[in-house]
2 protein chains.
Amino acid sequence: MLLESIPQPVDIYEAHKRISPYIHRTPVITSKTLDELSQCNLFFKCENFQKAGAFKSRGACNAVFSLDDDESAGGVATHSSGNHAQALARAALLRGIKSYIVMPRTAPIVKIAAVKHYQGKITFCEPTLAAREETLKNLLQQTNAIEIHPYNNYSVIAGQATATMEIFEEIGWPDFLVAPVGGGGLLSGSSLAVRYFSNHTKTLGAEPEGADDAYLSFHSGMIVPSIHPVSIADGLLTSLGSRTFPVIIENVTEILRVSEEKIVKAMQLIWERMKIIIEPSAAVSFGAVLQYPEIFHSSKTVIILSGGNVDLGCLPFAAIKENMR
Amino acid sequence: MLLESIPQPVDIYEAHKRISPYIHRTPVITSKTLDELSQCNLFFKCENFQKAGAFKSRGACNAVFSLDDDESAGGVATHSSGNHAQALARAALLRGIKSYIVMPRTAPIVKIAAVKHYQGKITFCEPTLAAREETLKNLLQQTNAIEIHPYNNYSVIAGQATATMEIFEEIGWPDFLVAPVGGGGLLSGSSLAVRYFSNHTKTLGAEPEGADDAYLSFHSGMIVPSIHPVSIADGLLTSLGSRTFPVIIENVTEILRVSEEKIVKAMQLIWERMKIIIEPSAAVSFGAVLQYPEIFHSSKTVIILSGGNVDLGCLPFAAIKENMR
């Protein structure tokens, strides 16, 4: 059964136990060079190495494996053009149930291929939120599948919280934990884990300046929808949800807005210095450290590298190179 | 003192002990997806995570720390436009001696910056082998520095051999060990370690088809110079040396020639599936597995990922993407 209220400590523990057979316990790595550059002590939680390439596998697995046999008989469904789509398809395949994924017809070929690889049944729709929701609604009626929302779902939130549990087990309590924020599943889950399992860590959200709905929501006290967001961090363009927003308001210290320049710089530094692939959305947290050095100076800070699914045919570095010359 | 003859088992052991404080013991990682794709059991030795971004730090550290105080008083020198340049500059900095690096004036800005970062003293020259050798010769006369050749040096070869020692300690003996071959430092060192420390592993070299001087040398029994080599794998364009070639002839089973298409495909797969950055030269070994599946089918095979220093402003993936459409 899916959780019906804000995850409690036991729910996060249970989630971790439930999903452990199906996910990687990802490494936490450090970089002397980036520590020197940013004048603080950084720990990078590598969810880019997670199954299906992103932390989304945690939430999707927790939701799918929380369903009892009757509930799951009709399969699961969602609309997503991103990492949740493949994470959910993979979780359903592992559970032996069907998954129905509504994707905009403009979704990148690699993402479509990944969902198909995990035997997800794709329904294409026009690339608007209205079309996605309408198509999903019809699908749910036709199939009897259960909707697993990418973030506005307490079982998903509990799943995303497990990354932070692993961090504390591995390195103790940091001063700051920085997670990117799009719909808020990772940030709300992380902030709950911090509240329950750390005695002094502050949770910070990191968001592109060009998609700063979470910042505006956080400071106005009500959900401000993301309208015409523009950022290379394409996983962070969504609005907060009714279940993530209240958790974030209560447990997050601040939302930091990060410029496109700092996002690309952060991505470049991590690729060049740490030799690992992260997607633009995953670079925003380290971008916040670059943009607000005064906050992080001399601190012990955890950066959640949320995913590593990039389109290699469409990278931002060529332009940088030109600017250098 | 630098080694004056082919490294013996004890020399490789000593080298490992000598360099351990200065290098990373790099991880050996696996990928279920790439195992399925290539129908064998692959282990990737991640020298892309090595200090200064490549296995070259092993050989450079072993050479520099083998010198006694008198020998090293004048510093060390080399000509290199690649990973050896920064590895040597770093090793010298750690030892507290000077390093003189001859670089072609066309060397990539990032490589020049890396050498400067390690306080190497750069002398620029025209981008020809003759100019590089002449400039280095003059430098050696002026400075009393000791030349540390990138590969034609037994202490360097012994240093490169240490990666294979670590592999055996970690995963036992594979059926095959595949290393890229340019000048042959890594391949000769690896093949010696295999001969001394494994009872059944076969060592294979992997080389771009467009720079197949090692293949031609191996099969003709004499060093065939690399003339007008063309490959994206820019670390593998050099010719074998008088000290690497005899070791390779005696201890390597075969040199496999790899097409540019398979090199780029291998690089793409490792970036996309393993989420780690490797340079084109490091992709050639896995490219060999893709190109010669009949050799590797069902085997336990180690791939040495030799380095991770790429120019992000100049990547081969845009073209691939276009071809996919």
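## A residue pair in chain A

Leu177(A) stands opposite Val302(A) in β10(A). This is a predicted model, in which local features need pLDDT of at least 70 and side-chain atom pairs count only at pLDDT 80 or more, while totals for chains, interfaces and linings use all residues. Residues are numbered from 1 along each chain as its sequence is written, chains are lettered from A and ligands numbered from 1 in the order in which they are written, and side-chain values use heavy atoms, with hydrogens and water left out.

## The sheet of chain A

Strand β7 (residues 176–180) of chain A and strand β10 (residues 300–305) of chain A run parallel and are joined by 3 bridges. In chain A, 6 strands form an open sheet with mixed pairing, in the order β1-β2-β10-β7-β8-β9. The edges are taken by β1 (28–29) and β9 (254–258) of chain A; each has a single partner strand, so one side of each is left without a neighbour in the sheet.

Helix α12 (residues 260–274) of chain A lies across β1, β2 (41–46), β8 (202–208), β9 and β10 of chain A. The helix α12 of chain A runs at about 85° to β9(A). Axes are lines fitted to C-alpha atoms, for helices over the stretch in contact, and angles run from 0 to 180 degrees between N-to-C directions. Contact means heavy atoms within 4.5 Å.

## The sheet of chain B

Chain B has an open sheet of 4 strands in the order β5-β4-β3-β6, with parallel pairing. At its edges stand β5 (121–125) and β6 (146–147) of chain B, each with a single partner strand, so one side of each is left without a neighbour. Strand β3 (residues 76–79) of chain B runs parallel to β6(B), and 2 bridges join them. Val76(B) is opposite Ile146(B) in β6(B). Helix α5(B) lies across β3 and β4 (99–104) of chain B, at about 165° to β4(B).

Helix α3 (residues 56–66) of chain B packs on helix α5 (residues 83–95) of chain B at an angle of about 40°, with the axes 8 Å apart. That makes α3(B) oblique to α5(B); angles under 35 degrees count as roughly parallel, over 145 as roughly antiparallel, 65 to 115 as roughly perpendicular and the rest as oblique. The contact of α3(B) with α5(B) has 9 nonpolar, 3 polar and 3 charged residues. In this count Ala, Val, Leu, Ile, Met, Phe, Trp, Tyr, Cys and Pro are nonpolar, Asp, Glu, Lys and Arg are charged, and the others, Gly among them, are polar.

Helix α1 (residues 9–19) of chain B also packs with α3(B), at an angle of about 90° and with the axes 9 Å apart. The two helices α1(B) and α3(B) are therefore roughly perpendicular to each other. From α1(B), Ala15(B), His16(B), Arg18(B) and Ile19(B) make the contact, and from α3(B), Arg58(B), Cys61(B), Asn62(B), Phe65(B) and Ser66(B). By class these residues are 4 nonpolar, 3 polar and 2 charged.

## Helices α8 and α9 of chain B

The axes of helix α8 (residues 154–171) of chain B and helix α9 (residues 185–197) of chain B come within 7 Å and cross at roughly 50°. That makes α8(B) oblique to α9(B). Their contact holds 9 nonpolar, 6 polar and no charged residues.

## The interface between the chains

In the interface, 22 residues of chain B are in contact with 22 residues of chain A. The area buried between chain B and chain A is about 2000 Å², and carbon and sulfur atoms give 67% of it. Buried area is the accessible area (1.4 Å probe) that two parts lose on being put together, summed over both. Lys275(B), Ile277(B) and Leu312(B) supply 33% of the area that chain B buries against chain A, more than any other three residues.

How values were computed
Two strands pair if DSSP finds at least two bridges between them.
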